[in-house]
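Please read it alongside the sequence and the coordinates.

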Amino acid sequence: EMTTEERMEMIGGMVEGLSNRLATEGGPPQDWARLITSLGVMGNPDQALAVFNNAIEVFEGDATALDIIRAAGSQAGVAE
């Protein structure tokens with residue numbers, strides 16, 4: 001059994017790992033969406049917005065990917 005602090009630390013580490021991987025290697029829009037929503041849930045709206053804006057640029061011209069990214073942005077409260 002993990003304490004709440006331990007669980008949040010573990011989740012934070014996973015989110016950081018995903019963020020680093022996307023920044024260096026890229027990834028599918030679903031991974032970007034997962035990162036955006038996770039940051040929103042964790043109470044990091046500025047970081048969620050930065051990732052959202054970056055993903056919009058990365059997937060420019062891919063309507064399906066942009067739909068996924070915009071849905072995640074909306075869920076995280078950072079999409080317009």
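## Thr37 and the basis of the model

Thr37 lies in helix H2, where helices (H or I, at least four residues) are DSSP runs numbered from the N terminus. The model is predicted, so local features need pLDDT of at least 70 and side-chain atom pairs count only at pLDDT 80 or more, while totals for chains, interfaces and linings use all residues. Residues are numbered from 1 along each chain as its sequence is written, and side-chain values use heavy atoms, with hydrogens and water left out.

Thr37 counts as buried because its relative accessibility is 17%; buried means under 20% relative accessible area, exposed over 50%, and partly exposed in between, with a 1.4 Å probe and protein chains only. Leaving aside residues up to four places away in sequence, Thr37 touches Ala72, Gln75 and Ala76, a contact being heavy atoms within 4.5 Å.

## Helix H2 against helix H4

The axes of H2 and H4 are 8 Å apart, and the two helices pack at an angle of about 10 degrees; axes are lines fitted to C-alpha atoms, for helices over the stretch in contact, and angles run from 0 to 180 degrees between N-to-C directions. H2 and H4 are therefore roughly parallel to each other, given that angles under 35 degrees count as roughly parallel, over 145 as roughly antiparallel, 65 to 115 as roughly perpendicular and the rest as oblique.

From H2, the residues Pro29, Gln30, Trp32, Ala33, Ile36, Thr37 and Gly40 meet Ala65, Ile68, Ile69, Ala72, Gly73, Gln75 and Ala76 in H4. By class, this contact of H2 with H4 has nine nonpolar, five polar and no charged residues, where Ala, Val, Leu, Ile, Met, Phe, Trp, Tyr, Cys and Pro count as nonpolar, Asp, Glu, Lys and Arg as charged, and the others, Gly among them, as polar.

## Helix H4 and its two faces

Ala65, Leu66, Ile69, Ala72, Gly73 and Ala76 are the buried residues of H4. Seen down the axis of H4, these buried residues fall within an arc of 125 degrees, so they line one face of the helix; the arc is that of the directions from the helix axis to the C-beta atoms. The buried residues of H4 pack against H2 and H3, whereas Ala63, Thr64, Asp67, Ser74 and Gln75, on the other side of H4, are exposed.

## Helix H3 against helix H4

Helix H3 (residues 45-58) and helix H4 (residues 63-76) have axes that come within 10 Å and cross at roughly 170 degrees, and the two are therefore roughly antiparallel to each other. Phe52, Ala55 and Ile56 of H3 make the contact with Leu66, Ile69, Arg70 and Gly73 of H4. The residues of this contact divide into five nonpolar, one polar and one charged.

## The segment after H4

Gly77, with a positive phi near 80 degrees, follows H4. Ala79 lies in the segment after H4 and, at 26% relative accessibility, counts as partly exposed. Not counting residues up to four places away in sequence, Ala79 touches Phe52, Arg70, Gly73 and Ser74.

## Helix H1

In H1, Val15, Leu18, Ser19 and Leu22 are buried. Seen down the axis of H1, its buried residues fall within an arc of 100 degrees, so they line one face of the helix. What covers them includes helix H2 (29-41), while the face of H1 turned away from its buried side carries the exposed residues Glu5, Glu9, Glu16, Thr24 and Glu25.
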